[in-house]
Amino acid sequence: MITQAFVLGAGLGTRLRPLTDELAKPLFPIFQKPLITFALDHLMASGVKRFVINTHHLSAQFQTHFGQGFYRDRPVQLVHEPDLLETGGGIRNAEPWLRGESFIVYSGDLLTDLNLGKLIEEHVARGNDVTLGLRRTGLASGVILKEGRVVDITRGAPSAENLDYANVSVWNPTIFERIPPAKKISFIPILVDWIRQGGRIGGVPLDEGQWFNIGSRKEYLEVHRTIAASGWKPSYVVDNDWPRSIAPSATIELGARMEGFTAIGEECRVEEGVFLKDTVVWSGAQIASRSDLRGCIVRTRKRVEGIHRDEDI
């Protein structure tokens with residue numbers, strides 16, 4: 001059992017601007033539940049007992065959620081990076097809080113129910129230094145796997161033997177010896193060098209279940225569509241009333257209509273005669289009477305009126 005995890009929360013989310021000018025991407029609500037909390041729930045269900053989360057952009061927002069140092073009674077250590085260190089540098093920067101034991105690295109903008117137990121079992125059984133969770137997505141494939149061992153990581157075109165990194169992995173503490181301190185660096189070149197020097201870098205395909213890497217507004221809306229259409233709910237989510245299309249504190253006036261996967265956040269006000277379809281409204285926003293929004297995302301505490309299509313407001 002691996003009992004600690006490093007969750008990546010420091011990304012800028014540039015492809016999601018202007019939404020990420022308002023809210024850090026790992027805190028985007030998915031039917032009222034912050035995205036990063038799916039990662040924490042998933043990890044807890046797999047035996048993780050404490051978390052380290054790195055922050056950079058809009059770091060004060062993480063303090064609001066985890067400033068008391070706990071999530072569901074499990075310790076959370078926030079590690080702020082004044083200068084963004086990327087994945088490799090972020091791992092090295094978290095070393096003082098990872099206690100010299102193996103740990104899981106999990107992306108804070110990932111929503112999935114892939115089998116973490118299978119990943120952990122593979123890591124232990126093969127005695128790997130690092131084990132990458134992989135998927136056949138047909139997108140930016142670049143991890144070449146031979147008999148359970150990663151033999152190269154490239155940026156080549158997708159092929160039958162190449163897999164994508166699934167943004168979750170297991171690491172032994174020996175990695176800290178290989179990453180220079182206080183340096184902005186991805187872990188990919190670190191792993192490539194380690195492979196060439198005989199490091200035991202493993203991988204395991206995890207193609208079962210759902211997997212959403214939320215990097216664009218299209219992907220953010222699509223996860224809402226999937227949940228609403230199929231009733232998908234990861235087994236590790238303990239919130240009995242999730243998903244919630246309408247937050248309990250929202251006010252919906254008479255004559256307002258909502259269709260599709262529309263979600264209304266906490267303390268929102270939707271006035272009379274409003275029509276919303278496939279639209280996500282963040283907390284505190286107001287939709288003026290007789291407005292018509294379709295395929296939109298309304299940011300926190302904004303007031304909207306009129307007709308809008310496929311806009312971030």
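This is a predicted model: local features need pLDDT of at least 70, side-chain atom pairs count only at pLDDT 80 or more; totals for chains, interfaces and linings use all residues.
Two strands count as paired here if DSSP finds at least two bridges between them.

β13 covers residues 201-205, and it pairs with β9, residues 130-135, in the parallel sense over five bridges. One of the contacts to look at is glycine 133, whose bridge partner in β13 is valine 204. Four of the five residues of β13 are buried, so the strand is largely enclosed by the rest of the structure.

Next, helix α4, residues 86-93. Its buried residues are Gly88, Gly89, Gly90 and Ile91. What covers them includes strands β1, β4, β7 and β12, and also helix α6.

β12 and α6 come up again with the aromatics. There are eight aromatic pairs in the structure. Tryptophan 171 and phenylalanine 187 form an edge-to-face pair, 5.1 Å centre to centre with 70 degrees between the planes. Tryptophan 171 is in β12 and phenylalanine 187 in α6, so this pair ties together parts 16 residues apart in sequence. Both residues are buried.

Phenylalanine 212 and tryptophan 232 form a tilted pair, at 5.6 Å and 55 degrees. Phenylalanine 212 is in strand β14, while tryptophan 232 is in the loop between α7 and β15, 20 residues apart. The cut-off for buried is under 20% relative accessible area, so phenylalanine 212 at 11% counts as buried, and so does tryptophan 232 at 10%.

Phe28, Tyr220 and Trp282 are linked into a cluster by ring pairs. And the charged end of lysine 33 sits over the ring of phenylalanine 38, 5.2 Å from the ring centre.

Technical notes. Residues are numbered from 1 along each chain as its sequence is written. Side-chain values use heavy atoms; hydrogens and water are left out. Buried means under 20% relative accessible area, exposed over 50%, partly exposed in between (1.4 Å probe, protein chains only). Helices (H or I, at least four residues) and strands (E, at least two) are DSSP runs, numbered from the N terminus. Contact means heavy atoms within 4.5 Å. Rings of Phe, Tyr and Trp (its six-membered ring) pair if their centres lie within 6.5 Å; planes under 30 degrees apart count as stacked, over 60 as edge-to-face and the rest as tilted. A charge sits over a ring if NZ of Lys or CZ of Arg is within 6 Å of the ring centre and within 35 degrees of the ring normal.
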